[in-house]
Amino acid sequence: MSPPSSPPTPQDGQPLPAPPGPSSSNLGALRRILPYIPALIPLAITVAIVLVLVQATHFENFGRSFWSFNAAQNGILIYVVGSFLTSVPALALAMGIGLAVAIASAVYMPGWLASWTDPFVDLLSGIPSIVYGLWGYFVVAPYFKADVYPWTTTYLAWIPGFAANRTSPSGTGASVMLAIVILFLMILPVTTLLMRDALRSIPKDLWESGLALGATRWEVTRRVSIPYCRRGIWGAAFLGFGRAMGETVAVFMVIGQIPRLPTNIYDNTSTMASLIIAEVDTAFEKSSVGYQTLHFLAELGLVLMGISLAVNVAGRWLIRRTFTEVAGV
Amino acid sequence: MSGTALAAPALAASDDLRRDRSGGVWRRTWFDRIVGWALPLTVLVAVIPILDLAYWICVRALPSFTLATLTTNPSGAGGGLYAPLVGTLEILLLATTTAVAFGLIGGLVTAEYLDEAGAGVVRVTANVMAGIPSIIVGLFGFLAFVLAFGWGASLAAAGVTLGVFMTPYVFRATDLAYASIPPHIREAALGSGARPIQYLLRVATPIALPQVLSGVFLAMAIGVGETAPLYLTTSAAAIPPSGLFVPAGALSLYIWEDFQNPLPGAVHIAFEAAFLLLVIVVGLNVLVRLIGQRARRRLEGLFQ
Amino acid sequence: MSGAAPVPSGPVVAVEKLSVTARGNRKLLDGIDLDFAPRSLTAIVGPSGCGKTTFVRSLNRMTELTPGLRIDGRVLYLGQNIYGRSVNPVVVRRRMGMVFQRPTVFPMSVFENAAFGLRLVRASEDEVDSAVTEALQRAGLWEEVRANLDGPALALSGGQQQRLCIARALAVRPRVLLLDEPTSALDPAATQRVEATLQRLKEEIVLILVTHNVAQAARVSDRIAFLHSGRLVEVGATGEILERPREPLTMQFITGRV
C-alpha cells in the first residue's frame with residue numbers, strides 16, 4: 001500500500017528560491033507578483049464575461065416586468081421556475097441513484113467488476129449534450145409518448161402532477177418529465193464520480209474498525225462512511241445542480257420550449273438556458289429600438305450566471321479538493 | 001452442539017457462535033447481502049441508456065454512411081459532412097491553442113511559483129470559471145467577438161469562444177499535474193545544485209507532461225461536443241472555411257440545424273454527424289484514459 | 001445484553017496450526033499453535049513483517065477483507081472454530097473486539113462512538129446508557145469525558161481517542177480484545193494511560209497485544225509470544241522470555257539485533 005490513495009494535495013507551494021546574485025527588493029517584489037499575471041487569467045476572463053453581460057443590459061429593464069411571469073413583456077420568472085422544476089427533480093434522482101452506484105462501486109463490487117463498470121459512468125459524462133438531445137428527441141420521446149405516459153397516467157396519477165388533464169401539446173413526447181430524465185442522465189456521472197471518490201477516500205482503518213465492531217458493510221456505510229463524506233456529498237449535489245441549470249441544447253430539444261408554467265409533468269415549458277439559445281436568432285435582428293432581445297438575453301444570462309456561480313462556489317468550498325479529472329467535473 | 005463437543009458442556013447461548021441470533025444478526029447479515037446484490041444493479045441505470053444511445057445512433061446513421069459522407073460537402077438536406085468535419089477540427093485547433101495559451105502557463109505558475117494561500121485563491125477562481133455554463137460563454141463570445149470586435153459569425157469567433165470555455169480544464173489539469181509531483185523530487189533536484197529553471201524543464205516537466213496532455217485531450221473532448229457556444233458565434237456553413245473571419249460549420253451545429261428539419265434527408269445528416277461526433281469524443285476519452293493511467297502509474301512510482 | 005456468562009475453564013481462544021498464505025504461495029503465517037487463557041495479557045512481539053498483525057487479524061476474521069489470502073488451520077473460540085461453516089463473521093467480531101494502530105473514532109459524539117456496537121443491535125436506551133458508562137469507566141476515560149459526552153469525539157486528544165476506541169470495543173462486552181500496536185501513534189504520557197487501562201482490563205478479559213516494543217511488552221504482559229517470518233519461535237512467561245530465552249533468535253530480538 002505504498003502510494004496515497006487520494007491524489008496528493010498541492011504541497012507546500014514555497015516559491016522557488018531565487019538564484020543567487022544581486023537582487024534588489026524591487027526585483028523580489030516583481031518576482032512575487034509576476035506569476036499572478038498568468039495565474040489570474042481565469043478570474044480575469046470571469047470578470048470580463050460579467051462586465052460584457054452587464055454592459056449589454058438595459059438597467060431600466062430590471063424592473064417589475066422583468067421579475068414577473070409575463071413572458072410577453074420579457075418577464076423571466078417562468079424560465080426561472082422552468083429551470084428549477086427540471087433541475088431539482090433531476091438532481092434528486094441523480095443523487096439517489098448516484099449514491100447507490102457510488103456505494104456499489106466503492107463498497108460492494110470486487111475491484112475487477114468496478115473497473116469494468118466505472119468507465120460506463122465516466123463515458124456517460126463524455127457524451128455531448130447535443131447527442132443526448134438527438135437521442136432524446138428521436139428515440140426516447142416517442143417511446144415515452146407511446147409507452148411511459150399511458151402507464152404513469154394510469155398507475156401514478158395519485159402523485160401530484162402525474163395525472164394527465166391533456167396530452168403533451170407539442171405532440172412529440174417532449175415534456176417536463178422527459179427533460180428531467182435526460183438531465184438526470186447527464187448529471188448522473190457528475191454526482192456519482194464525486195461521491196465515489198469521497199467514499200473511496202475513507203481511511204481503511206476507519207472502515208475496518210466499523211467491521212471489527214461486528215457491523216455489516218451496509219451498517220458501516222450508513223453509519224460511518226456517509227457521515228464521514230457529508231461534505232463531499234453536499235458538494236456533489238451543488239455541482240450537479242449547477243450542471244443541470246446550465247444545460248442548454250439537450251433540454252431545448254426535449255422540453256418543447258414553450259414559455260408557460262407547466263400544469264403537469266407531461267406539459268411543455270422552457271428554462272433560462274434553453275430560452276437563450278432559442279432567442280438568439282432574433283437577437284441578431286436590430287429593431288427600431290435597437291437590440292431589444294439582446295438586452296433581455298444578457299439580463300437573463302446574468303441571472304443564470306449568478307445562480308451558477310453561487311452554486312459552484314458553494315460546491316467547491318464543500319469539496320475543497322478536486323479529485324477528479326476524468327469527466328472534467 | 002454437535003461440532004462443539006470439545007467445549008465445556010454448558011456453553012452459554014451468548015457464547016455459542018452458531019446459535020447466537022441476538023440483536024437480529026440473521027436479519028442484519030441478510031440485509032447486507034441483499035444490498036450487496038441490489039446496489040450493483042443500479043449501475044444498469046447508467047449502462048442501459050448508454051448502450052441504447054449508442055445503438056440508435058449507429059442504427060440511424062450507419063445505413064446511409066458512406067465514404068462520400070466524409071468527402072462531400074452538405075447540400076440542402078443531403079450531401080456529406082466534409083465541411084462541418086473540417087470546420088469542427090479547425091475550430092477545435094483554434095480553441096485548443098487559445099485554451100493552452102490561457103491555461104497552461106497559469107496552471108504551471110500556480111503549482112510551482114505561488115505560495116499556498118495565493119494558489120488556494122487562484123484554484124477557487126479556476127474552479128468557479130469551470131462552472132460557468134457554456135451558453136453564458138457563448139453569449140459572451142457573441143457580444144464580445146461577433147458584435148463588439150466585429151468578427152461576425154466566424155471561425156475566429158467560434159474558436160476563441162470555445163477556447164475560453166476550455167481554458168479552466170487545461171488550467172486545472174496543468175496545476176494538478178505539477179502540484180502532484182512529490183516534494184522530495186524537487187528537494188533532491190534543487191539540493192543537488194540544479195537551478196530552478198533546470199528543475200522545471202528537465203525534471204518536473206517530463207514528469208508532469210503526460211498528465212498535462214491528458215488534461216488537454218479531456219478539454220478537447222468536452223469542447224468538441226459543445227453546441228451552444230458555436231451556435232452563437234458561427235453558422236452552419238456548407239463549405240470549409242476559407243479564412244479566419246468567415247463562418248465555419250461544425251458537426252454539432254449540423255445536428256442542431258437539422259434535427260427539426262422536415263426534409264427526410266436532414267435527419268440522416270443529423271444522425272451521421274452525431275455518429276462522427278461520438279467517435280471523436282469516445283476516441284479522445286480513450287486517449288485521456290490511456291495517457292492518464294500511464295501518468296498515474298509513473299507518479300505512483302515516485303512515491304515509493 | 002445480560003452480563004458476560006461465567007468464565008469457562010479451558011482456553012478462551014485456541015489457535016491450531018494456523019497458516020495464512022498470500023498470492024504466489026507466500027506464507028504470512030506458518031503453522032501457529034497458541035492458546036489464550038482467561039484473564040491474561042499476551043504480547044505478540046517480533047520484527048516488522050513477521051506476521052504479528054496478520055495473526056491478530058486472523059483471530060476475528062479481518063483477514064477475509066484482504067482479497068487473495070488463504071487461511072488454513074483452526075481458531076477455536078470456546079471450542080468452536082470461528083472459520084467453521086455457518087459461523088457468521090459478524091458474530092465472531094462481536095466476541096473479539098479490535099483496536100487499531102491509529103485512533104479510529106467515528107465522526108460523531110463521544111457517547112455515540114461508545115454506543116456504536118449497541119445501536120447496531122437496537123439495544124434499548126437504558127441498556128445503551130449503562131453499557132456506555134460502564135465501558136468508558138473500564139477504559140479509564142469516564143472522568144475525562146463525562147461532562148462532555150455529546151461533544152464531537154474528534155475533539156479529544158489522541159490518547160483519549162484511543163481509549164475511546166477501547167471503550168467502544170468494550171461496550172459490546174467481548175471476551176477478547178485484540179490490540180494492534182495501540183500506542184504506536186501516541187506520545188509517552190498517553191501511552192502510559194493506555195497501558196494502565198490494559199493492566200486493569202487483563203483482570204477481566206483476554207487481551208492480545210501486538211507490539212514491536214519489547215519494553216512495552218515487559219511492562220504490561222504476562223506472557224510473550226515471539227514471531228519471526230510467520231513462525232512462532234517461542235512463547236513463555238514474560239519474565240522468563242526476557243531473562244532466559246531458549247531460542248537464539250529471541251535473544252537477538254530482545255537485545256535489539258534483529
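This is a predicted model: local features need pLDDT of at least 70, side-chain atom pairs count only at pLDDT 80 or more; totals for chains, interfaces and linings use all residues.
Local features need pLDDT of at least 70, side-chain atom pairs count only at pLDDT 80 or more, and totals for chains, interfaces and linings use all residues. Residues are numbered from 1 along each chain as its sequence is written, chains are lettered from A and ligands numbered from 1 in the order in which they are written, and side-chain values use heavy atoms, with hydrogens and water left out.

Start with chain A. Its secondary structure comes to 13 helices and zero strands. Helices here are DSSP runs of H or I with at least four residues, strands are runs of E with at least two, and both are numbered from the N terminus. Chain A has 329 residues, and 54% of them are buried. Buried means under 20% relative accessible area, exposed means over 50%, and partly exposed lies in between, with a 1.4 Å probe and protein chains only. Now take the contacts in chain A with a separation of 6 or more: 78% of them join residues 24 or more positions apart. Contact means heavy atoms within 4.5 Å.

Next, look for the nonpolar cores. A nonpolar core is a set of buried Ala, Val, Leu, Ile, Met, Phe, Trp, Tyr and Cys residues joined through side-chain atoms within 4.5 Å. In soluble globular proteins, nonpolar side chains tend to be buried together. The largest core has 235 residues. Y132(A), L134(A) and F55(C) have the most contacts inside it. Helix 7 of chain A, residues 176-200, gives the most to this core, with 18 residues. Find Y132(A) and look around it. Leaving out residues up to four places away in sequence, Y132(A) touches L124(A), I127(A), I182(A), L185(A), M186(A), A250(A) and L53(B). Another core lies apart from the largest one. This other core has 39 residues, among them V99(C), L141(C), L156(C) and I166(C).

Stay in chain A for one glycine. G136(A) sits in helix 6, residues 129-155. Is G136(A) buried or exposed? G136(A) is buried, with a relative accessible area of 0%. Beyond residues up to four places away in sequence, G136(A) touches A141(A), L178(A), I182(A) and V254(A).

Helices also pack against each other. Helix 5 of chain A, residues 111-126, meets helix 7 of chain A. Their axes come within 7 Å and cross at roughly 135°. Axes are lines fitted to C-alpha atoms, for helices over the stretch in contact, and angles run from 0 to 180 degrees between N-to-C directions. The two helices are therefore oblique to each other. Angles under 35 degrees count as roughly parallel, over 145 as roughly antiparallel, 65 to 115 as roughly perpendicular, and the rest as oblique. The crossing of helix 5 and helix 7 of chain A is left-handed. A crossing is left-handed if the near helix is turned anticlockwise from the far one by less than a right angle, and right-handed if clockwise. Helix 5 of chain A brings residues including A114(A), D118(A) and V121(A) to this contact. Helix 7 of chain A brings residues including L185(A), L188(A) and R196(A). The residues of this contact divide into seven nonpolar, two polar and four charged. Ala, Val, Leu, Ile, Met, Phe, Trp, Tyr, Cys and Pro count as nonpolar, Asp, Glu, Lys and Arg as charged, and the others, Gly among them, as polar.

Move to chain B. Helix 8, residues 183-191, and helix 9, residues 196-224, have axes that come within 10 Å and cross at roughly 140°. This crossing is right-handed. Helix 8 of chain B uses I185(B), R186(B), A189(B) and L190(B), and helix 9 of chain B uses P196(B), Y199(B), V203(B) and I207(B). By class, the contact has seven nonpolar, no polar and one charged residues.

Finish in chain C. T21(C) lies in strand 1, residues 13-22. T21(C) counts as buried, at 1% relative accessibility. Two loop residues come next. S86(C) lies between strand 5 and helix 2 of chain C. Phi of S86(C) is near 65°, a positive value in a residue other than glycine. S86(C) is exposed, with a relative accessible area of 61%. E181(C) is in the loop between strand 7 and helix 7 of chain C. E181(C) has a positive phi of about 45°, although it is not a glycine. E181(C) is buried, with a relative accessible area of 10%.
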